[in-house]
Amino acid sequence: MIIISAMSYSRVIGSGDGMPWNVPEEYQQFLNFVDGQSIIMGRRSFEIFGPDLTTTNNIVISRSASKLPNAVVFSDLKTAVEHVKKLGKTVFSAGGGSIYKQTIPLADTMYLSFIKGEFTGDTYFPEFDEAQWRVSKREDHPAFEFVVYNRK
Ligand SMILES: NC(=O)c1ccc[n+]([C@@H]2O[C@H](COP(=O)([O-])OP(=O)(O)OC[C@H]3O[C@@H](n4cnc5c(N)ncnc54)[C@H](OP(=O)(O)O)[C@@H]3O)[C@@H](O)[C@H]2O)c1
């Protein structure tokens, strides 16, 4: 499983029903990575980003919704992960904060974009133990830095 996220250097990932920046190049990169693949998202994030996705399989975790358009909904993460692994596509965990926290232990790779600038928000990327991860790629873009982490 690959964690994919954009965050500020202070780990902010969200503010209300969105992200506190507008960086189209980074958002397009996210859409390109997940195009045709499988994605796991929390119900809140799917409501925000779902309409933009061209993924083949949208797996949404929710206790409150049993059906959502263009998605398969699971009420628990474990069953969702068992299901998505059978679909034969690359599996991305695309947030939000609650889902990142629960899926980092299951992931072997993280695609993290660090947005340049200072931002405030109400949702954060969880702390993770950097000692367990090795940076395998670092790319500088005008508005963000893209870093790939692999589990050691
Ligand atoms: N910067 C980025 O890359 C990025 C990516 C994604 C999201 N975001 C931001 O993150 C924020 C949303 O994150 P969030 O943490 O508030 O919400 P979220 O993780 O997207 O969704 C939370 C919802 O997922 C469901 N859920 C989570 N864990 C569950 C479990 N173990 N079992 C069953 N259901 C579970 C619950 O849905 P129900 O309430 O329906 O039960 C919960 O309310 C937004 O601001 C968004 O813009 C940023």
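In which sense do β1 and strand β7 pair, and over how many bridges? Select β1 (2–8) and β7 (residues 109–115). They pair in the parallel sense over seven bridges. Ser 8 stands opposite Ile 115 in β7.

Before moving on, note the ground rules. This is a predicted model, in which local features need pLDDT of at least 70, side-chain atom pairs count only at pLDDT 80 or more, and totals for chains, interfaces and linings use all residues. Residues are numbered from 1 along each chain as its sequence is written. Helices (H or I, at least four residues) and strands (E, at least two) are DSSP runs, numbered from the N terminus. Strands pair if DSSP finds at least two bridges between them.

**The sheet**

Show all strands of the sheet. Eight strands form an open, mixed sheet in the order β5-β4-β3-β6-β1-β7-β10-β9. Go to β5 (72–74) and β9 (133–140): each has a single partner strand, so one side of each is left without a neighbour in the sheet. From one strand to the next, the twist averages 25°.

Select β3 (38–42) and β4 (57–61). Five bridges join them in the parallel sense. Ser 38 stands opposite Asn 57 in β4.

Next, β4 and β5 run parallel, joined by three bridges. Val 60 stands opposite Val 73 in β5. Four of the five residues of β4 are buried (20 or more other C-beta atoms within 10 Å of their own, C-beta atoms being placed from the backbone).

**Helices on the sheet**

Select α3 (residues 77–85). It lies across β3, β4, β5 and β6, at about 170° to β4. Angles run from 0 to 180 degrees between N-to-C directions, with axes fitted to C-alpha atoms, for helices over the stretch in contact. Contact means C-beta atoms, placed from the backbone, within 7 Å.

Now find Asn 32 in helix α1 (residues 24–34).

**The ligand**

Finish at the ligand. Of the 29 residues around it, Gly 14, Gly 42, Ser 45, Gly 95 and Gly 96 come nearest; the shell takes residues whose C-beta atom, placed from the backbone, lies within 6 Å.

How values were computed. Two residues are in contact if their C-beta atoms, placed from the backbone, lie within 7 Å. A residue is buried if 20 or more other C-beta atoms lie within 10 Å of its own, exposed if 12 or fewer, and partly exposed in between; C-beta atoms are placed from the backbone.
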